[in-house]
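Hi,

Here is the structure I promised to pass on. Please have it open while you read the notes below.

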Amino acid sequence: MPSSAEELREQVRAKYAESARAVAGDREGCGCGSGGCCADDADGGKFGEALYAAEQRDELPDAAVIASLGCGNPTAVAELRDGEIVLDLGSRGGIDVILSARRVGPAGTAYGLDMTDEMLAVARQNARDAGVANAHFLKGLIEQIPLPADSVDVVISNCVINLSTDKAAVLAEVSRVLRPGGRLGVSDIVAEDRLTAAERAERGSYVGCIAGALAKAEYEAGLEAAGFEQVSVEFTHEVADGMHGAIVQAVKTATPAAKGLPVVQPSGRAGCC
Ligand SMILES: C[S@@+](CC[C@H](N)C(=O)[O-])C[C@H]1O[C@@H](n2cnc3c(N)ncnc32)[C@H](O)[C@@H]1O
């Protein structure tokens with residue numbers, strides 16, 4: 001077991017770097033498949049490309065589809081509009097960034113943020129193969145988003161927030177970069193409130209997107225503390241006993257001070273999770 005948050009994050013990074021190398025190998029025809037991570041060999045379609053409609057998969061390079069290890073389809077949730085600026089947290093092979101870039105059109109921009117160099121290389125190649133010019137990939141941590149305050153219309157993410165070792169920092173950063181009234185539309189693994197952290201860890205590993213999952217009430221409270229309203233966490237499919245793929249939606253409060261909420265600073269902590 002890793003002893004610190006740093007070691008846990010490094011374990012996550014190493015796992016996804018290995019998975020990116022497998023995808024890059026596939027591109028060259030080694031037939032390695034998509035590799036473990038948020039999935040195992042017998043996940044039965046609970047993670048990854050099976051969660052995208054056939055017409056969306058047809059819009060994408062094969063390598064982006066193979067690289068998908070999400071737990072839902074945030075682009076189906078977020079209702080992106082022409083000209084909007086979208087940020088995908090933990091963009092992996094770029095599947096949601098490419099789909100978002102197409103949804104927002106040439107007047108809009110889709111950013112993907114990922115900490116793993118190998119993943120960024122796969123995603124950039126996939127965006128080139130898809131022919132989208134308004135998709136950009138940034139290196140960085142979702143706990144320290146390298147974008148200015150109030151600069152994004154919509155934040156999406158697919159099965160990544162559960163991997164963070166500081167979820168309060170992630171929610172505070174999402175609140176900071178979203179413009180007032182901006183939307184969050186996320187797919188993630190979420191636990192039923194009855195499960196303790198130890199019980200979640202019995203059901204799967206941290207790098208496999210299970211042990212680090214928040215409970216539903218923790219997610220809701222964390223979002224409210226970070227300055228969100230219209231918060232909703234809806235289970236979509238069970239991935240283990242009491243653990244679900246879920247759609248998480250919220251809107252950044254337009255006037256946080258007027259509602260007596262703390263105004264979140266870049267290094268702020270929302271005091272949840
Ligand atoms: C489960 S995969 C994401 C799947 C992807 N969204 C998709 O739908 O295909 C996790 C990704 O998040 C990245 N990641 C995990 N923790 C991160 C963090 N704290 N900051 C930035 N990226 C992170 C990993 O490098 C990896 O590419």
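Predicted model: local features only at pLDDT ≥ 70, side-chain atom pairs only at ≥ 80, totals over all residues.

Residues are numbered from 1 along each chain as its sequence is written, and side-chain values use heavy atoms, with hydrogens and water left out.

The whole structure holds 16 salt bridges (a side-chain nitrogen of Lys or Arg within 4 Å of a carboxyl oxygen of Asp or Glu). One of them pairs arginine 9 with glutamate 143, at 3.5 Å from N to O. Arginine 9 lies in helix α1 and glutamate 143 in the loop between β3 (135-139) and β4 (152-158), so this pair ties together parts 134 residues apart in sequence. Arginine 9 counts as buried because its relative accessibility is 19% (buried is under 20% relative accessible area, exposed over 50%, partly exposed in between, with a 1.4 Å probe and protein chains only). Glutamate 143, at 11%, is buried too.

Aspartate 241 and arginine 194 form another salt bridge, at 3.2 Å. They sit in two loops, 47 residues apart. Both belong to a salt-bridge network that also includes Glu192, Glu202 and Arg203. Within it, glutamate 202 is exposed at 63%, while arginine 203 is partly exposed at 24%.

Finally, look at helix α6 (residues 167-177), where 11 of 11 residues are buried (helices are DSSP runs of H or I, at least four residues, and strands runs of E, at least two, numbered from the N terminus).

Best wishes
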